[in-house]
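Let us take a friendly walk through the spaces in one example.

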Amino acid sequence: MKKAPGDEPDEALTVTEPKKWAAGVPAVAHALEYSLEETSARRTGTTLLTMNQVDGIDCPGCAWADPAPGHRHRNEYCENGAKHINDEATTRRIGADFFREHSVTDLAGRSDVWLNQQGRLTEPLVKRPGSDHYEPISWNDAIGLMAEELTSLDTPDEAVFYTSGRASNEAAFVLQLFARALGTNNLPDCSNLCHESSGYALHETLGTGKGTVSLHDLHHADLIFLVGQNPGSNHPRQLSALEEAKRNGARIIAVNPLPEAGLLRFKNPQKPRGVIGPGTQIADRFLRIRNGGDLALFQALNRLLLEAEDARPGEVLDRDFIEADTTGFEEFARHVRTVEWDDVLAATGLTRDEIEQVRDEVLRSERVVVCWAMGLTQHKHAVPTIREIVNFLLLRGNVGRAGTGACPVRGHSNVQGDRTMGIWEQMPDAFLDSLKEEFGFDPPRAHGYDSVNAIRAMREGKVRFFLGLAGNFVRATPDSTVTEEAVRRCRLTAHISTKLNRSHTVCGDTALILPALGRTEKDVQSTGEQFVTVENSMSEVHTSRGRLRPASSLLLSDIAILCRLARRTLGDKPDIAWERFEADYGVIRDHIARIVPGFDDYNRRVVRPGGIQLMNPVNEGVYSTGTGRALFTRNSAEAPRVPEGHLLLQTLRSHDQWNTVPYTNNDRYRGIHGSRRVVLVNPDDVQALGLTDGQRVDLVSVWTDDVERRAEDFRVVPYPTARGCAAAYYPETNLLVPLDSVADHSNQPTFKSIVVRLEPARVGAPQA
Ligand SMILES: Nc1nc2c(c(=O)[nH]1)N[C@H]1C(S)=C(S)[C@@H](COP(=O)(O)OP(=O)(O)OC[C@H]3O[C@@H](n4cnc5c(=O)[nH]c(N)nc54)[C@H](O)[C@@H]3O)O[C@H]1N2
Ligand SMILES: Nc1nc2c(c(=O)[nH]1)N[C@H]1C(S)=C(S)[C@@H](COP(=O)(O)OP(=O)(O)OC[C@H]3O[C@@H](n4cnc5c(=O)[nH]c(N)nc54)[C@H](O)[C@@H]3O)O[C@H]1N2
Ligand code: SF4
Ligand SMILES: [Mo]
């Protein structure tokens with residue numbers, strides 16, 4: 001995709017030294033500057049002061065857990081949380097006039113920044129077949145159009161329902177119930193793009209898809225690994241937890257191709273000491289690993305631990321635990337002893353000495369936690385990598401004990417809850433059986449489409465109806481050109497959204513924008529004011545209650561839209577009380593309580609301060625793996641192969657964006673200002689490839705098909721990333737990721753592992 005007209009001119013790019021610390025006074029000042037620009041001061045105050053408080057608004061940002069009630073700060077939010085909430089609470093509005101002025105073609109040419117900045121959507125809109133404009137439509141007619149399309153499908157599998165992790169538990173439950181009552185499991189979600197690899201590997205090895213770590217565990221670990229995550233920008237309050245762990249004596253090892261600000265030093269804005277002092281050093285050790293080298297690193301560590309046990313039998317491994325709680329140890333051990341140092345050093349770019357020092361840290365530590373995010377999950381060999389991390393934890397009994405465990409750090413505030421509620425194209429039979437018993441219909445058993453398979457099916461013309469519950473499907477997914485063409489083949493596309501994004505400009509014959517209430521807003525239904533519930537990364541389920549007057553009187557809640565659609569499409573078959581769900585979300589929770597394990601007495605327990613802590617069976621010594629034990633796995637050595645003259649590109653987030661929605665063109669912590677069209681390259685590679693600082697280049701992706709995937713006109717920025725690697729922002733680079741480049745087993749796109757070559761930019765090049 002070419003540079004969009006709404007983008008800042010490239011000339012505006014300035015590059016400064018990357019920051020060596022995160023948060024602190026400039027961070028909070030920056031957030032307030034942003035909020036005051038977007039909203040009135042009063043709205044800002046109302047939202048921020050109740051954010052992440054008992055009975056307040058759950059931050060619509062990331063899924064990081066809140067401290068226990070009584071231990072929260074008056075301002076329990078980070079700079080980015082403040083930005084996210086104010087992005088929603090903006091006083092800017094767009095309605096019929098805006099869409100009369102701007103055609104769909106015009107909007108499709110605008111940048112993601114521009115689209116988001118236009119303000120909140122205020123009324124339902126339709127783009128009719130043949131038209132290039134959205135125009136107003138009543139809710140009744142909008143719901144009618146969708147129901148008509150759904151009832152005329154040849155099979156329910158021609159419908160796809162996508163969910164983004166902002167959706168509440170109640171909305172997610174209603175959506176999956178509707179889809180299954182209609183007769184399809186086509187429930188792709190953003191988790192397919194996010195932690196699917198973690199879920200797969202953890203299910204297989206520990207019998208649970210979720211992390212096993214609580215805030216208390218983090219606070220009391222001796223050694224914490226932060227692998228493939230950038231907490232300073234993406235989970236800022238995690239830094240407070242790490243600071244506390246350090247106060248209790250923990251050591252921290254960061255593994256990342258980039259020296260991210262938050263991994264190095266943290267100034268805690270919640271504390272006077274944090275504001276003026278030098279801050280806490282976060283990582284005691286930083287391993288600048290090559291992209292995709294983590295499997296090799298953990299295999300090497302596992303081999304070193306086995307060798308240490310050989311030297312000091314009975315002192316290194318937790319033999320009792322291995323004996324009693326695991327299977328597969330012998331086969332794993334035999335295999336991992338064959339790992340070759342040459343391969344490890346080539347894959348990681350680290351020295352043997354660096355890895356042996358990490359082994360020594362591990363040997364000194366009784367309690368180890370490994371945290372990870374997208375740096376691990378978005379690779380072809382993501383599943384084996386995470387399985388190898390489980391091997392690493394199992395060797396010394398670092399699961400199921402206080403201060404230990406596996407911590408996949410979740411992205412969207414309720415991505416984990418949506419899964420718990422049944423948003424998954426392959427929910428297990430036990431869940432489907434419970435649905436059947438509760439509602440008296442037979443849910444379909446065949447697995448549905450995940451996100452990648454949904455695009456493949458659209459491309460083949462097998463999908464006629466697409467509904468997105470929040471999110472920005474065409475920007476979140478890979479192979480943008482292919483994906484957009486596929487989506488355009490649908491007869492009807494509809495999006496339940498708060499703000500304008502590119503997905504609204506990629507239309508089926510008929511397209512609908514269904515504007516919804518956001519988290520910050522008061523949700524009043526016929527029985528009175530409602531709240532919703534969400535689950536964070538540490539499996540705590542709690543309430544979220546909006547405070548602000550809705551952006552428009554025409555907004556409906558996600559739940560209301562879905563309930564009306566379900567009733568209109570299905571009538572009273574099966575006999576489900578959709579109207580009562582809409583009137584009183586407590587009725588939905590009563591059903592959830594009978595269907596989802598751990599949610600007994602949901603309505604009463606969830607309103608208690610702190611909410612419900614779901615138990616992870618692993619922490620009670622229960623492994624639902626089939627054998628009843630945790631599983632050691634054998635993983636063949638694997639790392640991305642990059643031909644001479646090429647780089648391995650990862651696509652990541654700036655400090656100033658929420659997923660597909662960049663707020664500005666700046667990335668303060670990395671010292672990038674004024675443009676997002678930059679590619680960060682190691683200075684030695686800049687030289688070796690004959691490039692120059694600031695040169696304009698195209699990024700060309702290399703894949704097995706002969707489709708040309710070219711992202712045009714990026715500036716080269718020399719940056720201390722690992723050799724052979726490069727980084728650029730998502731979603732501008734999603735067009736480079738081939739649809740078929742996916743992780744083994746989990747089918748997750750390889751957003752962190754794209755082989756590219758850098759060519760002098762075609763745009764602006766003198767004509768031949
Ligand atoms: N402000 C803000 N917060 C967010 C989001 C946002 O967009 N903005 N998004 C939310 C969501 S949905 C998610 S999933 C999370 C994402 O949180 P992160 O996973 O932290 O997000 P990314 O920007 O994708 O960064 C991945 C990190 O992994 C590193 N990395 C890349 N490849 C490798 C590798 O091969 N090995 C190792 N060891 N490291 C690697 C990158 O250098 C980078 O530091 O954040 C959530 N929080
Ligand atoms: N190249 C590359 N691609 C990636 C990633 C990557 O690292 N690299 N990361 C992947 C990951 S981890 C994720 S999670 C996905 C994210 O993918 P998505 O979840 O699909 O995308 P978001 O950008 O979070 O969606 C933003 C839109 O959600 C809508 N929205 C926001 N709040 C609300 C609300 O309260 N209610 C409703 N109804 N709508 C709302 C707004 O209209 C907004 O425009 O992207 C994935 N794609
Ligand atoms: S750390 Fe995450 S949940 Fe907490 S305030 Fe920041 S963005 Fe929100
Ligand atoms: Mo995510």
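This is a predicted model: local features need pLDDT of at least 70, side-chain atom pairs count only at pLDDT 80 or more; totals for chains, interfaces and linings use all residues.

**How to find empty space**

Rolling a probe the size of a water molecule over the atoms shows where empty space is left.

**The cavity that holds a ligand**

How many cavities of 30 Å³ or more does the structure hold? There are six of them. The second largest cavity has a volume of about 160 Å³. It is lined by 21 residues, and those closest to its centre are Cys59, Gly61, Cys62, Trp64 and Arg237. By class, this lining has nine nonpolar, nine polar and three charged residues. Helix H3 (79-88), helix H11 (231-234) and helix H12 (236-247) each supply at least two residues of the lining, and H3 gives the largest share, three residues.

Which ligand sits in the second largest cavity? It is ligand 3. The residues around ligand 3 are Asn52, Cys59, Cys62, Tyr77, Cys78, Gly81, Pro236 and Arg237. Five residues of this shell are nonpolar, two are polar and one is charged.

| Pocket | Volume | Residue classes in the lining |
|---|---|---|
| Largest pocket | about 1200 Å³ | 16 nonpolar, 23 polar, seven charged |
| Second largest pocket | about 830 Å³ | 19 nonpolar, eight polar, seven charged |

Start with the largest pocket. Its lining has 46 residues, and His203, Thr208, Gly209, Lys210 and Thr420 lie nearest its centre. Helix H9 (196-206), helix H22 (415-420) and helix H23 (429-439) are the elements that give two or more residues to this lining. Where does the largest pocket lie? Domain 1 (109-194 + 414-619) and domain 2 (197-408) both give residues to its lining, so the pocket lies between them.

The second largest pocket, with about 830 Å³ of space, is lined by 34 residues, and the closest to its centre are Ala639, Pro640, Arg641, Val642 and Ser753. Two or more residues of this lining come from each of helix H15 (294-311), helix H18 (341-348) and strand E33 (754-760). Which element gives the most to the lining of the second largest pocket? That is H18, with four residues. Because domain 2 (197-408) and domain 3 (647-760) both give residues to the lining, the second largest pocket lies between these two domains.

Conventions. Residues are numbered from 1 along each chain as its sequence is written. Chains are lettered from A and ligands numbered from 1 in the order in which they are written. Side-chain values use heavy atoms; hydrogens and water are left out. A residue is near a molecule or strand if one of its heavy atoms lies within 4 Å of it. On a 1 Å grid over the protein atoms alone, a cavity is a set of points where a 1.4 Å probe fits but cannot get out, and a pocket is an open set with protein on both sides within 12 Å along at least five of seven lines; lining residues have an atom within 4 Å of a point. A molecule sits in a cavity or pocket if more than half of its atoms lie within 2 Å of its grid points. Ala, Val, Leu, Ile, Met, Phe, Trp, Tyr, Cys and Pro count as nonpolar, Asp, Glu, Lys and Arg as charged, and the others, Gly among them, as polar. Grid points are joined across faces, edges and corners, and a volume is the space filled by probe spheres set on the points. Domain bounds come from an automatic or database domain assignment.
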